[in-house]
Amino acid sequence: MPDATYNDQNIFAKILRGELPCHKVYEDDKVLAFLDIMPRAPGHTLVLPKAPARNILDVEPDDLAAVSRIAQKI
C-alpha cells in the first residue's frame with residue numbers, strides 16, 4: 001500500500017518554498033500561479049494552492065476556492 005502522507009520534497013513544494021525557480025504569473029497568500037516548463041500550449045499556467053495537498057481531494061475547501069478564483073482570472 002502506498003504511503004498516504006504529503007511529500008514535502010516534491011517539485012511543487014520546492015517551487016512553493018522558492019528552492020526551485022519559476023516564472024510567476026500570480027501570487028498571494030493562498031495561491032501561486034506559474035508558467036509550465038513543458039507547456040502543452042503557449043501560456044500554459046499551473047495554479048497551485050500554497051497549503052500542502054497530495055491532490056485535489058486533500059485541498060481544504062477555502063484553499064480550493066482560492067485556486068478556482070485565480071484560475072478563472074488567469
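Q: Is Thr 5 buried or exposed?
A: In this predicted model, local features need pLDDT of at least 70 and side-chain atom pairs pLDDT 80 or more, while totals for chains, interfaces and linings use all residues. Residues are numbered from 1 along each chain as its sequence is written, and side-chain values use heavy atoms, without hydrogens and water. Thr 5 lies in the segment before helix 1. Because its relative accessible area is 52% (buried is under 20%, exposed over 50%, partly exposed in between; 1.4 Å probe, protein chains only), Thr 5 is exposed.

Q: How far apart in space are Thr 5 and Ala 71?
A: Thr 5 precedes helix 1, and 66 residues in sequence separate it from Ala 71. From C-alpha to C-alpha, the distance in space is 26 Å.

Q: Which pattern does the chain follow along the sequence?
A: The chain has 2 helices and 3 strands (DSSP runs numbered from the N terminus: H or I, at least four residues; E, at least two). Helix 1 covers 11-16, strand 3 covers 45-49 and helix 2 covers 61-73. Read in order, the pattern is α-β-β-β-α.

Q: What percentage of the chain is made up of buried residues?
A: The C-alpha atoms fill a box of roughly 40 × 25 × 25 Å along the principal axes. Within the chain of 74 residues, the buried share is 20%.

Q: Which element gives the largest share of the lining of the largest pocket?
A: The largest pocket (an open set of 1 Å grid points with protein on both sides within 12 Å along at least five of seven lines, where a 1.4 Å probe fits; lining atoms lie within 4 Å of a point) has 17 lining residues, with Leu 48, Pro 49, Ala 53, Arg 54 and Asn 55 nearest its centre. At least two lining residues come from each of helix 1, strand 3 and helix 2. The largest share, 3 residues, comes from strand 3.

Q: What is the volume of the second largest pocket?
A: Among the residues lining the second largest pocket are Ile 11, Phe 12, Leu 20, Cys 22, Asp 36 and Leu 46. Helix 1 and strand 2 (31-35) each give two or more residues to this lining, and the largest share, 3 residues, belongs to helix 1. The volume of the second largest pocket is about 170 Å³.

Q: What is the volume of the largest pocket?
A: Strand 3 supplies 3 residues to the lining of the largest pocket. Taken as the space filled by probe spheres set on points joined across faces, edges and corners, the volume is about 250 Å³.
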